[in-house]
Amino acid sequence: MKENQRTTVTKRMLKEGLLRLLKIKPLDKISIVELCNESGINRTTFYRHYEFPADLLKEMQADFVEEMQNSLKKPMTEKDLTQIIDYLQQNSELVSLFICYNSDTEWTDMFHTLYQNIYGTENLKFFDAESQELFFTFLSGGTYFLLRQWLSKKDHKTSEDITSIILSILNRNILF
């Protein structure tokens, strides 16, 4: 169900307020009153949509991941990996906040699905189904933690360098 315009504006104001506050203090130190004051929203309105500031941040991450996934073409290709890495780099400040405050599961699940869509199981016939699942888990976790470390560095490699590293690893481990 699509939100009405007032709800959309309210949520945007809360998200912008939360981002401003996160630049100066950790999430667990941000009170609802403080967030509402920063956003120009009253507490009752906040509670209509969220229970805690962390809920707002989780919604922001889910929206970000959905937007990123929607930008990918189906079926996915290795080029999509480059697009994802570029997108993450362009939004590195926001992604760093998501990584800092949310679980790693959503990110690794996203890469897991991406790799399954790109490579499928036909290239992994030498593995049984359970081993294939473990292989994709290994690839997705490795990719996520590589990206996490890369984005946390201030003087880091380009997105093309990172894509090259990931594809080099993938192409050496998957028979083509």
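The protein has nine helices and zero strands, where helices (H or I, at least four residues) and strands (E, at least two) are DSSP runs numbered from the N terminus. This is a predicted model, in which local features need pLDDT of at least 70 and side-chain atom pairs count only at pLDDT 80 or more, while totals for chains, interfaces and linings use all residues. Residues are numbered from 1 along each chain as its sequence is written, and side-chain values use heavy atoms, with hydrogens and water left out.

**Exercise 1. The overall layout**

Task: Give the order of the elements and state what share of the residues counts as buried.

Solution. 
- Step 1. Read from the N terminus on, the elements run α-α-α-α-α-α-α-α-α.
- Step 2. Buried means under 20% relative accessible area, exposed over 50%, and partly exposed in between (1.4 Å probe, protein chains only). Of the 176 residues, 39% count as buried.
- Step 3. A contact means heavy atoms within 4.5 Å. Among contacts with a separation of 6 or more, 65% are between residues 24 or more positions apart.

**Exercise 2. Helix α1**

Task: Describe the span of helix α1, the end cap, and where the buried residues of α1 lie around the axis.

Solution. 
- Step 1. Helix α1 covers residues 5-22, which is 18 residues. From first C-alpha to last, α1 reaches 26 Å, close to the 26 Å expected at 1.5 Å a residue; the expected span is 1.5 Å times one less than the number of residues.
- Step 2. Asn4 caps the N-terminal end of α1, with a side-chain oxygen 3.0 Å from the backbone nitrogen of Arg6.
- Step 3. The buried residues of α1 are Thr7, Thr10, Lys11, Leu14, Lys15, Gly17, Leu18, Leu21 and Leu22. Seen down the axis of α1, these fall within an arc of 165°, so they line one face of the helix. The arc is that of the directions from the helix axis to the C-beta atoms.
- Step 4. The cover over these buried residues includes α2 (32-39), α3 (43-49), α4 (53-70) and α6 (92-101).

**Exercise 3. Salt bridges**

Task: State how many salt bridges a search of the whole structure finds, and describe the pair formed by Asp104 and Arg148.

Solution. 
- Step 1. A salt bridge is a side-chain nitrogen of Lys or Arg within 4 Å of a carboxyl oxygen of Asp or Glu. The search finds eight salt bridges.
- Step 2. One of them joins the side chains of Glu38 and Arg20 at 2.6 Å, N to O. The pair links distant parts of the chain, with Glu38 in helix α2 and Arg20 in helix α1, 18 residues apart. Glu38 is partly exposed at 34% relative accessibility, and Arg20 is partly exposed at 39%.
- Step 3. The side chains of Glu34 and Lys25 also meet in a salt bridge, at 2.8 Å, N to O. Glu34 is partly exposed at 23% relative accessibility, and Lys25 is partly exposed at 24%.
- Step 4. In the bridge between Asp104 and Arg148, the closest N and O atoms are 3.3 Å apart. Asp104 lies in the loop between α6 and α7 (105-119) and Arg148 in helix α8 (residues 129-152), so the pair ties together parts that are 44 residues apart in sequence. Asp104 is partly exposed, with a relative accessible area of 24%, and Arg148 is partly exposed at 33%.
- Step 5. Salt bridges with shared partners join Lys11, Lys15, Glu59 and Asp63 into one network.

**Exercise 4. Ser159**

Task: Is Ser159 buried or exposed, and which residues does Ser159 touch?

Solution. 
- Step 1. Ser159 lies in helix α9 and is buried, with a relative accessible area of 2%.
- Step 2. Not counting residues up to four places away in sequence, Ser159 touches Ile85, Asp86, Gln89 and Trp150.
- Step 3. The side chains of Ser159 and Asp86 are joined by a polar contact of 2.4 Å. A polar contact is a pair of N or O atoms within 3.5 Å; within protein, one must be able to donate a hydrogen and the other to accept it, and residues adjacent in sequence count only if both atoms are side-chain atoms.
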